[in-house]
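Open the model in your viewer and keep the selection tool at hand. The stops below go from the whole chain to single residues.

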Amino acid sequence: GKLRHRVEIYKPTFVKDDIGNHIPTWVKVAEAWAAIEPLKGDERWAAAYTQATTTHRVTMRPPGVAVHPSNRLVFNGRVFDIEAVLDIEERGRELQLMCVEKVGEEM
């Protein structure tokens with residue numbers, strides 16, 4: 001069906017290193033079936049290298065945990081930063097996530 005991509009949802013956490021610095025890490029909080037639809041691509045030249053980004057719309061049923069723009073999705077090793085979370089029809093049955101995939105970024 002439409003929701004054929006298995007995505008993982010991660011939230012940011014911070015751990016202290018040996019000298020007290022807070023190091024950001026990502027912890028998986030849920031998995032869900034989703035539809036991933038690319039919307040727009042962009043490529044920019046900055047700091048002597050090219051950075052490509054692609055905007056996607058990800059549609060899913062609520063995964064049982066709250067999804068926020070601070071979360072990120074991972075699908076087949078690809079990382080999607082969530083820009084916005086929309087509750088379609090405000091009924092709690094379908095979420096649309098507006099995401100940006102940063103090409104070349106790893107989890």
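Of the 107 residues of the chain, 32% count as buried. The model is a predicted one.

Switch to a cartoon view. The chain has six strands and zero helices, so the order from the N terminus reads β-β-β-β-β-β. Next, consider contacts between residues at least 6 apart in sequence: 51% of them join residues at least 24 apart.

**The core**

Select Val7, Val58, Met60, Leu73, Leu97 and Cys99. These residues have the most contacts inside the largest nonpolar core, which has 16 residues. Which elements give two or more residues to this core? They are β1 (5-16), β2 (22-46), β3, β4, β5 (78-87) and β6 (95-102). With four residues, β2 gives the most. In soluble globular proteins, nonpolar side chains tend to be buried together.

Keep Leu97 selected and show what surrounds this residue. Leaving out residues up to four places away in sequence, Leu97 touches His56, Arg57, Val58, Met60, Val67, Leu73, Ile82, Ala84 and Val85.

**A buried asparagine**

Now select Asn71, in the loop that runs between β3 (49-60) and β4 (72-75). Is Asn71 buried or exposed? Its relative accessibility is 5%, so Asn71 counts as buried; the cut-off for buried is under 20%.

Show the side chain of Asn71 and look for backbone atoms around its polar atoms. The backbone nitrogen of His68 is 2.7 Å from a polar atom of this side chain. On the other hand, the backbone oxygen of Tyr10 lies 3.2 Å from a polar atom of the Asn71 side chain.

Apart from neighbours within four places in sequence, they are Ile9, Tyr10, Lys11, Pro12, Trp26, Ala66 and Ile82.

**The surface**

Val27 has its place in strand β2. Because its relative accessible area is 36%, Val27 counts as partly exposed, a class that lies between the 20% and 50% limits.

Key: Residues numbered from 1 in each chain as written. Predicted model: local features only at pLDDT ≥ 70, side-chain atom pairs only at ≥ 80, totals over all residues. Heavy atoms only, no water. Buried < 20%, exposed > 50% of the residue type's maximum accessible area, 1.4 Å probe, protein only. Polar contact = N/O pair within 3.5 Å; in protein donor to acceptor, adjacent residues only side chain to side chain. Contact = heavy atoms within 4.5 Å. Core = buried A, V, L, I, M, F, W, Y, C linked by side-chain atoms within 4.5 Å.
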